[in-house]
Amino acid sequence: MYQEIFSKYTPTKDNLIYILHDIQDSDPQHYISEEAVQAISEYLNLPANHIYGVITFYSMYSTTPRGKNIIRLCESPHCYIKGSENILRKMKNSLNVGVGETTKDGVFTLELCACLGVCGNAPVMMINDDVYGDLTEDKVDDILAKLREVK
Ligand code: FES
């Protein structure tokens with residue numbers, strides 16, 4: 001199941017984060033399963049606890065299933081000053097989830113993240129690979145509605 005990904009990388013420890021990225025990206029629920037960790041452990045000849053250590057160090061990795069769209073709202077100071085708290089409250093209400101949770105329909109997972117490097121457009125969030133800036137509560141409604149329409 002993971003052979004196609006493994007075949008792209010030599011079995012060295014240096015390739016661990018690339019393999020984790022590919023495995024998470026290829027999973028429809030955007031996470032790294034226990035089964036995947038076991039397979040990586042065997043391929044790289046690394047203990048599973050070392051792999052879990054790397055997964056938990058980087059906030060972009062998850063060991064729990066997530067939604068189709070992963071929202072990462074920046075909680076760093078510039079975005080905070082520009083109102084990210086209001087955006088967070090709006091999203092929690094609209095999606096009926098807390099931080100780290102996935103909507104019942106599996107469409108959205110709400111997460112927080114550190115600075116996304118586009119502070120000039122604060123408040124900012126990323127959804128999957130797309131960045132959305134200058135957020136307002138109305139803009140958030142539009143963005144979420146559009147993503148709900150995408151099948
Ligand atoms: S502080 Fe939010 S993008 Fe930099």
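Which residue of S2 does Cys74 stand opposite? Cys74 stands opposite Cys113 in S2. That pair is a handy place to start, and we will come back to it once the surroundings are in view. Please keep in mind that this is a predicted model.

Let us begin with the overall layout. The protein chain contains 7 helices and 4 strands. Read from the N terminus, the elements follow the order α-α-α-α-β-α-α-β-β-β-α. The C-alpha trace spans about 50 × 30 × 25 Å along its principal axes, and 25% of the 151 residues count as buried. Among contacts between residues at least 6 apart in sequence, 58% join residues at least 24 apart. The chain is divided into domain 1, covering 3–57, and domain 2, covering 69–149. Taken over C-alpha atoms, the centres of domain 1 and domain 2 are separated by 28 Å.

Now take a look at helix H2, residues 16–26, whose buried residues are Ile19, Leu20, Ile23 and Gln24. Seen down the axis of H2, these buried residues fall within an arc of 130°, so they line one face of the helix. The face of H2 turned away from the buried side carries the exposed residues Tyr18 and Asp25. And what covers the buried residues of H2? The cover includes helix H1 (3–6), helix H3 (34–44) and helix H4 (48–57).

Next comes the sheet. Its 4 strands form an open sheet in the order S2-S1-S3-S4, with mixed pairing. S2 and S4 are the edge strands, each pairing on one side only. On average, neighbouring strands of this sheet are turned by 25° against each other, direction ignored. S1 and S3, in contrast, pair in the antiparallel sense over 3 bridges. Within S3, Ile127 is the bridge partner of Ile71, and Met126 is the bridge partner of Arg72. Helix H6 packs on the sheet, where H6 touches S1 and S2, and the direction of H6 makes about 155° with that of S1.

Is strand S1 buried or exposed? In S1, 6 of the 6 residues are buried, so the strand is largely enclosed by the rest of the structure. Both faces of S1 are covered: Asn69, Ile71 and Leu73 are buried on one side, and Ile70, Arg72 and Cys74 are buried on the other.

Leaving aside neighbours within four places in sequence, Met91 is in contact with Ile71, Leu73, Leu110 and Val140.

Finally, a few spots in the backbone deserve a look. Most residues other than glycine have a negative phi, and most peptide bonds are trans. The peptide bond from Ala122 to Pro123 is cis, with omega near -5°. Pro123 sits in the loop between strand S2 (108–113) and strand S3 (125–127). Asn96 is not a glycine, yet has a positive phi of about 60°. Asn96 lies in the loop between helix H6 (84–95) and S2, and is exposed, with 11 other C-beta atoms within 10 Å. Asp134, also not a glycine, has a positive phi of about 50°. Asp134 is found in the loop between strand S4 (130–132) and helix H7 (137–149), and is exposed, with 12 other C-beta atoms within 10 Å.

How values were computed:
Residues numbered from 1 in each chain as written. Predicted model: local features only at pLDDT ≥ 70, side-chain atom pairs only at ≥ 80, totals over all residues. Helix = DSSP H or I, 4+ residues; strand = E, 2+ residues; numbered from the N terminus. Buried ≥ 20, exposed ≤ 12 C-beta atoms within 10 Å, placed from the backbone. Contact = placed C-beta atoms within 7 Å. Domains from an automatic or database assignment. Arc of directions from axis to C-beta. Pairing = 2+ DSSP bridges. Axes fitted to C-alpha atoms, helices over the stretch in contact; angles between N-to-C directions.
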